[in-house]
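The exercises below are meant to be worked through with the coordinates open beside the text. Try each task before reading the solution that follows.

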Amino acid sequence: MNETEPPKDPVRYIDSNVYLPYHYVAGDYRAKYLRALKDKKILGSKCSKTGKVFVMPIVNSPESFAPCDEFVEVADRGIVTTFCIVNIPVIGRSLEIPYVAASVALDGADISIFALIQEIKAEDARMGMRVEAVWKPDGERQGDHEDILHFRPTGEPDAPMESFIHRL
Amino acid sequence: MSTLRNVAFVGFAQLPVVARDEHRMATEMLYPVVVDALRQVGASRDDIDYQVSASTDYMDGRPFGFVAALDVMGSWPARQDLHLEMDGSFAAYYAWVKIQTGEVDTAIVCTHGKTSEGEPERVFNLQLEPYYHAPIGIGPTASAALQASAYMARTGTTDADLAARAARNRAAGVGNSDNQVRDAASAQQLQGSPWAIEPLRSGYVPPIGETATCLVMAAEGKAEKLCDRPVWIQGVDHRAELQTLGSRDLTRSAGTALAAKKALAMANVGSARDVDLVELLSVTPVEELILLDALGLDAAASTPVVNPSGGPLCAHPIMSTGSIRLGEAFRQLSGRAGDRGVAGAKRAIAHGAQGHCLQQNIVWVLGTEKRWA
Amino acid sequence: MFQDVVMEFPYKHSTGTTIGRFLAGLKEQKRIWGQRVPKQGVVVPPLGYSEIDGSEGGEWVAVENTGTVTACARVHTPIDHLHPSPTPFAFVLVKLDGADTALAHVVTDGLDRLRVGSRVVADWRSDEERVGSIRDIACFRLVD
Amino acid sequence: MKRPTAVVGVGQTQHAARRADLSIPGLIREAVDRALLDAGLGHDDIDAIVIGKAPDMLEGIAQPEQFLVGALGGHMKPVIRVHTAGSVGASTAIAAMTHVASGLYDRILTVAFEKQSEGNAMWALSPNMPFTPPLVAGAGGFFAPYCRAYIQKTGCPPHIGPVTAANARANGARNPYAHLREPMSVEDVMNSPVLWDPIRYGETCPSSDGAIALVIANEETAKKGPRKPAWIKGAASYAEAMWVPGRDQVSPSAGKICAKHVYEQAGIQDPWNDIQTAEIYVPFAWFEAMWLENLGFCDEGEGWKIIDRGEQKFGAHLPINPSGGVLCSNPIGASGMLRLGEAALQVMGRAGEHQVDGVRNALGHAYGGGAQYFAMWVVGTEL
C-alpha cells in the first residue's frame with residue numbers, strides 16, 4: 001500500500017454494451033403503404049399541387065411544399081434507372097453475392113425506390129432495363145417490405161436513357 | 001456592446017404536446033407546424049432566407065434523423081441551412097448570430113423529436129462521460145435527484161416546498177391547450193405521488209411527451225411586415241459548464257448566472273426583477289429554484305411571473321422545450337397568450353437548457369421594444 | 001403500426017493514459033488515485049486535464065477509501081440493463097478523504113440511514129472480479 | 001454586419017485506423033493543443049467553441065460534446081454542437097466563422113472529430129430501421145449507382161477511378177498526418193476487389209480515428225498573430241430535400257448553388273484559374289470527377305478529362321486533395337473540417353511536403369446525406 005503512483009501499464013479499453021429499446025411508430029402514410037403490399041398493391045401519395053406521385057408515400061412534396069393528401073396505386077413494374085453490383089456481404093442480410101442493387105422508377109411514380117434485382121446474372125444488369133416485382137405467394141404476405149421478394153427482368157425492350165436519366 | 005441588428009421573433013407554431021402521436025413519424029409531425037408558422041407570418045417558403053433545425057439522433061433512434069426533416073421544411077430549391085444536435089433554444093441562438101452577419105434577414109428554427117420512441121432515462125445515460133459515469137447507470141432523473149438531494153441539504157428546502165412549487169406550475173398550466181398535463185394538482189396530491197427517484201416524486205418530474213415546433217425570426221425592416229407585434233431580442237447569452245457531477249456545485253447554476261448577467265447587460269436591463277415574466281426550462285422544482293437564484297430572483301416574490309405556461313412540468317418534449325419557452329415568451333409579449341396572458345407584459349426572460357443538472361444554459365431577454373436605435 | 005426494436009451494440013472505448021492508469025490502480029492495487037489539477041485541487045476520478053481551464057493534469061495523489069456523501073438519490077424501482085442493481089439502491093456522490101471533487105457511485109445497503117453527510121467506505125470486488133472498471137468498486141458501504 | 005475573418009491556427013491529429021493510445025478527450029486535445037499552439041493562443045483567449053461530429057452512434061455516446069466541455073476548455077463558455085452528416089466538419093467550421101463574422105465573438109475554437117474504432121461505422125450509419133426498406137448495401141451501395149450514372153452520362157472511361165485513387169495515395173504519402181501513406185499504383189487499384197461495382201476497394205475511403213481543430217479569428221487578431229493567416233473570403237452551407245422528382249443526384253443543385261454563392265463572396269470569376277488548389281470531399285474515387293463539374297471547375301461531362309490529362313496532380317494546374325484527402329484519412333465527422341483546414345494550410349504556405357506552389361486562393365469542400373448537404377469555403381492569402 002505504499003505505491004506512489006498507479007500502475008504504469010494502463011487498462012486500455014472499457015467495454016460499453018449499449019442497450020436501448022425503441023418503440024417506433026410507422027406513421028399512417030407508411031402503414032397504409034405496407035398494408036397494401038399484402039394485397040399486392042404499391043401505393044404512392046400524390047402532390048395536391050403538381051400531381052406528382054411519391055413512393056413510398058410522403059406527407060408533402062418537398063418540391064412544391066404542398067401536401068400529398070391522396071393515395072394512388074402505381075404499377076409493380078418499372079425501369080432500372082441506375083444500379084450497382086454488390087460484392088460484399090451486408091450485416092443483417094443473407095444474400096448470395098454478387099447481387100444487383102438498383103434504383104427503380106415504377107410506372108406511375110415520379111421518384112425511384114431502392115430494390116434488389118434477382119433472376120439475372122449481375123453482369124447482365126443494365127440501366128434502362130424493365131423489371132417487375134416478384135411477390136411472396138398469397139397467404140404469406142405480412143404487410144411489410146419483405147412482401148416483395150425482389151424485382152426481376154420482364155424481357156421488355158430497354159427504356160431509352162433520355163427517358164429516365166433525370167429521375168435516378 | 002456595440003450596436004447590433006434588431007431581430008425579432010415574429011411567429012411560433014407547435015403541435016399540442018402529447019404522450020405519443022401514434023399516427024405520425026417525427027418529421028411528419030413537423031410539416032404542419034412549418035406550414036402553420038409560415039401562414040402566421042403570411043410568408044411563402046421562398047421568403048425565408050435561412051433555416052436551422054434541432055434534434056438528436058439518439059432520441060430519434062436512428063442516425064441522420066434530421067436529414068428527413070429537410071423535406072418537410074421545404075428545402076427546395078437548396079436552402080442555407082444548419083442542423084444542431086441541441087435544444088431548439090440554442091438553434092434559435094445560432095439563427096440570431098447568422099442574422100447578425102447581415103447575410104440573411106429571416107429564418108425558421110425547427111425542432112422535432114419523438115420522445116415516446118426512445119426511453120430518455122436510458123438514452124441520456126449515454127450523454128454522461130463514458131469511462132466513469134455512464135457505466136454506473138445514472139440517467140437524467142437520477143442526476144436530477146442527486147442535484148435535488150444536495151440542494152435540499154444545503155438550503156433546508158423540504159419535500160413540501162417542492163410540492164408547492166410543482167403545484168404552482170400545474171395550476172398555471174391548466175389553461176394552456178398545448179400542454180400535455182392540463183389538470184391542476186394540489187401540493188398535497190403531488191406530495192403524495194410515488195417516488196420517481198427519491199427525493200424527486202413523479203409529481204416533480206415531467207411526463208414523457210412529444211411535439212414539433214417552428215419559430216420564425218426576422219430582422220428589423222422585415223419583422224414589422226411579418227408580424228403586427230414583433231417580439232424583439234434585447235439580449236441573449238449562453239454558457240456551458242463542465243459535466244462531471246461531482247466536480248461542480250450542482251445546487252447552483254453558475255452558467256445561468258453568467259449568461260443572465262451578459263444578456264441583461266446586452267439588453268441594458270439592470271436586473272431580472274425588471275422583467276414581467278420568465279419562462280424557465282426547469283425539469284424539476286429544484287431546478288426552478290436554482291434558476292431563480294441564478295437570475296437573482298426571490299422565489300417568494302409575485303413578480304416576475306414564473307412559467308405562466310405551466311412550464312416543463314406540464315410539457316417537456318425533449319429538444320423542443322427550449323423553443324417552447326421562446327414561443328411562450330413570444331405569445332405573452334405579442335398579445336397571443338389568451339387567458340394566461342400576463343397583463344401589460346413588456347419584457348420577458350426565456351431560458352433554455354440541456355444536459356444533466358443544467359449543464360448548459362441560455363438566457364434570452366425579449367421585449368416589445370427594439371433594443372438598438 | 002408500431003414496432004419495438006432494441007438497439008444493442010458493444011462499444012469499446014479506449015481509455016488513454018490517465019483514465020487507463022486510474023482503472024489499473026483499481027484493478028491491481030485496490031487503490032483510488034486522484035490527480036492534482038489546476039483550479040480543481042485533487043480530482044477523483046481523474047481525466048488528465050482541468051475541467052475548469054482546460055490545462056493538462058498534474059501529479060498523482062492517492063486518496064482514501066473512505067469519504068462523505070455529498071448527494072444521494074434512492075432508486076426504488078431499478079431499470080434493467082441500465083441500473084447496476086436489480087433491488088433498490090442509491091446513487092451517491094462521494095467526496096473521498098483527500099479529494100476535492102466527488103466520485104459518482106452507488107450504495108446498496110442501509111438506504112434508510114443514508115443521507116447527505118453520511119460517511120461511507122469503498123467495498124471492493126474480489127481479485128478475480130476486478131477487470132479495470134469503475135465498478136471494480138462494488139459499491140460504497142455506510143460506516144457507523 | 002459581416003466582418004472579415006481568418007483561420008489563425010490549425011491542428012490535427014495523426015489519423016489512424018485505431019488511436020488506441022488515446023481516449024476521446026485525448027484525441028480531441030491532441031488537435032486542440034496543436035491548433036492553439038499554432039495560433040499562439042491559450043484557452044483563455046478563446047471566446048466560444050463550435051464542435052461537430054457525425055452520428056453519435058459511431059462512438060455510442062449521446063451528444064458527446066457535453067462531456068467534452070472540460071476537455072475543450074469550454075467551461076463557462078458558449079459551446080455549440082453541429083451535425084450535418086458527412087459535411088459536418090465543414091459546416092462546423094463555417095458556423096464558427098459566422099460567430100466571428102457577426103461581430104459577437106473575436107476568437108473561436110472549432111473542433112471536429114470521429115473515433116470510429118470504438119464502434120462499427122457500417123452498422124452505425126445504416127442500421128435496418130423498421131418500416132423502411134432494408135438498405136441494400138451500406139454507404140458504398142448508396143453512392144455507387146450515382147457513380148455508374150455519371151460514367152454512363154459522360155462516357156467517363158474505366159481507368160478514371162483508379163487514376164484518381166492512385167493520385168490520392170501518392171499525395172497522402174507526402175502528408176505525415178494521413179492514415180494511409182502507402183502509395184498504390186493504378187494497377188493495384190484496378191486489381192483490388194470490386195465492392196460495389198463500379199466502386200473498387202482501392203477507390204474507397206478508410207475508416208479512421210482523428211480530429212482537427214481550427215482557431216478562427218477577427219481581423220485584428222489575425223494581423224497580430226505569429227503567422228500569416230488564411231483569410232476566409234467566401235463560405236456557405238446549403239442543404240436540399242431528398243425526394244424531389246428529377247433531383248440530380250450526380251450533380252446536385254445544392255452543390256452548384258453553394259459554390260456559386262461562395263465564389264461570388266470571394267470574387268472568384270473563373271474557378272479553374274482563380275483557385276490554385278482544392279481540397280474536396282471524395283469518399284469514393286469517382287466523386288472527384290463529379291465534384292470538379294459540380295464545383296464549376298469545368299463544364300458538365302468534362303470533369304474526368306481533367307483527371308485524364310493529369311491536371312489535378314500535385315505540381316500540375318489544379319492540384320486536388322494534395323493532403324491525400326478523404327481517400328487517405330476518413331475520421332467521418334472530422335473529414336470536412338480537414339478539407340477546410342488543409343485549404344487554409346495551403347494559403348498559409350505551411351502544408352509542408354504537400355505544399356502547392358503559389359497558392360493565392362484555395363477551396364475546401366464537403367458534402368453529406370444523400371448528396372444533400374454542401375459546405376465549402378474559399379480561403380486566400382489576401383483579405
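A residue is called buried here when its relative accessible area is under 20%, and exposed when that value is over 50%. The coordinates belong to a predicted model, and every value used in the solutions is computed from it.

**Exercise 1. Determine how many residues of strand β2 of chain C are buried, and identify the strands that pair with this strand.**

Solution. Begin with the burial criterion: strand β2(C), residues 32–37, is mostly covered, since five of its six residues are buried. Next, follow the pairing towards strand β4 of chain C, residues 60–63, which is joined to β2(C) by four bridges in the antiparallel sense. Then turn to strand β3 of chain C, residues 41–43, which also runs antiparallel to β2(C) and is joined to it by three bridges. Finally, inspect the hairpin of β2(C) and β3(C), where three residues lie between the strands and Lys39(C) takes a positive phi near 70°.

**Exercise 2. Describe the interface between chain C and chain A by its area, its residues and its polar pairs.**

Solution. The first step concerns size, which for an interface is often given as the accessible area lost when the parts come together. About 2,800 Å² is buried between chain C and chain A, with carbon and sulfur atoms giving 58% of this area. On the side of chain C, the residues that lose the most area to chain A are Met1(C), Met7(C) and Arg21(C), which together make up 26% of what that side buries. The contact itself takes 30 residues from chain C and 29 residues from chain A.

Strand β1 of chain A, residues 13–25, is joined to β1(C) by 13 bridges, and the two run antiparallel; Tyr19(A), for example, has Glu8(C) as its bridge partner.

**Exercise 3. Decide whether Gln249(D) is buried or exposed, and list the residues that it touches.**

Solution. First locate the residue, which is found in the loop between β8 (230–239) and α9 (253–266) of chain D. Its relative accessibility is 9%, so Gln249(D) counts as buried. If residues up to four places away in sequence are not counted, Gln249(D) touches Tyr146(D), Met242(D), Gly370(D) and Ala371(D), together with Leu168(A) from chain A. With Tyr146(D) there is also a polar contact, in which the two side chains are joined at 3.2 Å.

Conventions:
Residues are numbered from 1 along each chain as its sequence is written. Chains are lettered from A and ligands numbered from 1 in the order in which they are written. This is a predicted model: local features need pLDDT of at least 70, side-chain atom pairs count only at pLDDT 80 or more; totals for chains, interfaces and linings use all residues. Side-chain values use heavy atoms; hydrogens and water are left out. Contact means heavy atoms within 4.5 Å. Buried area is the accessible area (1.4 Å probe) that two parts lose on being put together, summed over both. A polar contact is a pair of N or O atoms within 3.5 Å; within protein, one must be able to donate a hydrogen and the other to accept it, and residues adjacent in sequence count only if both atoms are side-chain atoms. Two strands pair if DSSP finds at least two bridges between them. Buried means under 20% relative accessible area, exposed over 50%, partly exposed in between (1.4 Å probe, protein chains only).
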